[in-house]
Amino acid sequence: MLQLPPATAAFMFIIAVVVFPVTVVCSSFPAGVLQLERVFSLSEKIELEVLRARDAARHERILQGGGGGGGGGGGVGGVVDFAVQGSSDPYLVGLYFTRVRLGTPPREYNVQIDTGSDILWITCNSCIDCPRTSGLGVELNFYDITGSSTANAVSCSDPICTTMVPSASSQCSAETKQCGYSFQYGDGSGTSGFYVSDMLYFDMILGNSMIANSSASIVFGCSNYQSGDLTKSERAIDGIFGFGQQGLSVVSQLSSRGITPRSFSHCLKGGGNGGGILVLGEILDPSIVYSPLMPSQPHYNLDLQSIAVNGQLLPIDQSVFATSSNRGTIIDSGTTLAYLIEEAYDPLVEAVTGAVSQSTKPLTFKGNNCYKVLVSVSNLFPLVSFNFAGGASMVLRPEDYLVHMGFVDGAALWCIGFQKVQKGLGVTILGDLVLKDKIVVYDLAHQRIGWANYDCSLSVNVSVTFGRDEFINAGQLSVSNPSKNILFGFIPPLFEFLIAQIITFLLL
């Protein structure tokens with residue numbers, strides 16, 4: 001759902017100069033890692049029409065986005081651990097959510113993880129027409145500004161309201177003088193409320209076997225009115241956690257103060273019941289390739305330049321991929337399928353069909369381009385490469401562009417998962433269909449996105465940097481304690497030496 005834009009000093013010094021190895025295990029909730037669960041079980045078949053309908057409602061919101069991208073803030077901080085839960089409820093396709101702790105005393109709220117919006121907002125206890133139960137099977141909690149001793153409503157005169165709040169969504173109440181917002185979406189749903197400053201609590205990972213309970217004051221939205229799809233109980237959640245680039249996103253707020261890196265990463269599992277991990281920081285892998293983000297765009301736009309099938313470039317005019325207000329290519333983990341402009345879709349289907357013409361014949365099934373397959377698609381269908389600026393290619397295996405739709409006459413039915421975008425609309429959206437089983441890194445500090453094919457059921461290495469623009473690779477972190485889901489491995493000799501020196505100093 002993408003909204004419209006709108007310790008001691010000595011001890012901390014030692015921490016700052018020591019590089020700690022960290023590895024994230026995706027079957028748990030370790031340091032700085034959000035475990036994701038696909039809320040729709042992949043073992044249960046869903047009609048493409050259902051997925052298209054869900055994506056269509058979302059895209060009506062995506063494509064109306066305005067406002068510029070983010071900036072500022074270097075990737076210098078530590079790694080933050082959020083305890084994340086998910087649901088496999090079949091009625092909530094492709095929804096991922098985590099928990100955030102806000103206020104004093106802190107309360108937990110389940111919030112949808114959304115890479116396409118910027119603001120963290122939570123439903124207020126005074127919200128009108130807001131769901132009171134959720135089909136996710138979670139208890140809904142409502143934020144009460146009067147119940148937190150550290151909460152303050154952001155005033156209209158606050159610099160945050162006058163400079164950071166997107167002008168298209170900002171509102172000011174003449175009665176309360178509160179800095180408000182209103183986001184209206186193309187499908188008729190929307191939310192409005194006011195901005196609040198309060199404490200966000202999290203676990204900061206300082207290194208092997210060291211977890212610090214940390215907090216930071218952040219600004220977020222308190223929603224007191226919702227409409228449209230946001231009022232439906234089957235998809236109800238406490239709010240939305242935006243991972244966009246603008247200044248009011250939590251990623252931007254924390255990174256601008258050096259608390260966390262200005263980056264995040266995800267690795268979505270494509271098999272079984274789905275799942276995966278989301279990291280506040282960079283996942284490391286030597287095979288990751290990067291492409292620069294298109295400047296001054298509200299979403300994660302990349303410069304797609306060509307498409308190849310089995311290494312052969314398709315006859316597509318490169319100009320059809322040009323980025324503008326209603327054209328371009330968007331990376332969006334919240335979209336279930338993938339959407340390709342007509343000028344590129346037709347040549348792609350023709351080339352794929354030609355590559356398998358000796359082994360299978362195409363057929364149309366419920367309006368989709370499909371094939372009856374008696375062998376593994378991996379051994380039959382070609383590789384497809386999406387080639388981006390900077391020489392970065394996203395290589396799609398057959399499972400990355402085909403969807404298994406069941407069986408016909410004893411043969412497996414596989415259909416092209418890309419959906420055709422009608423000529424003139426011009427926006428290509430790469431969703432979960434192609435992003436699954438890949439590490440995807442959103443390196444906002446350097447304005448680039450990177451990716452690599454990966455088995456997301458395995459652990460991943462995470463960069464831990466303290467004030468230096470470099471990546472540190474190493475280490476093993478394993479999971480044991482289910483209450484914290486963190487158990488660190490060995491302590492490096494240098495760290496042992498420094499700890500010994502600290503203890504000796506304190507005993508003098």
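Analyst: A residue counts as exposed when its relative accessible area is over 50%. This cut-off applies here to a predicted model.

User: Why is Ser296 called exposed?

Analyst: Ser296 has 62% relative accessibility. The cut-off is over 50%. Therefore Ser296 counts as exposed.

User: Where does Ser296 lie, and what is its phi?

Analyst: Ser296 sits in the loop between strand 16 (289–292) and strand 17 (301–302). Its phi is positive, about 60°, although Ser296 is not a glycine.

User: How do you know whether Asn310 is buried or exposed?

Analyst: Buried means under 20%, exposed over 50%. Asn310 has a relative accessible area of 53%, so it is exposed. Asn310 also has a positive phi, about 55°, and is not a glycine. Its loop runs between strand 18 and strand 19.

User: What makes strand 18 and strand 19 a pair?

Analyst: Pairing takes at least two bridges between two strands. Two bridges join strand 18 (residues 304–309) to strand 19, so the two strands pair. They run antiparallel. Ala308 stands opposite Leu313 in strand 19.

User: What makes strand 19 an edge strand?

Analyst: The open sheet has four strands in the order 19-18-24-25, with antiparallel pairing. Strand 19 (312–313) and strand 25 (392–396) each pair on one side only, and these are the edge strands.

User: How do you know that helix 5 packs on the sheet?

Analyst: Contact means heavy atoms within 4.5 Å. Helix 5 (residues 342–355) touches strand 18 and strand 24 (384–388). The direction of helix 5 makes about 20° with that of strand 18.

Definitions and conventions. Residues are numbered from 1 along each chain as its sequence is written. This is a predicted model: local features need pLDDT of at least 70, side-chain atom pairs count only at pLDDT 80 or more; totals for chains, interfaces and linings use all residues. Side-chain values use heavy atoms; hydrogens and water are left out. Axes are lines fitted to C-alpha atoms, for helices over the stretch in contact, and angles run from 0 to 180 degrees between N-to-C directions. Buried means under 20% relative accessible area, exposed over 50%, partly exposed in between (1.4 Å probe, protein chains only).
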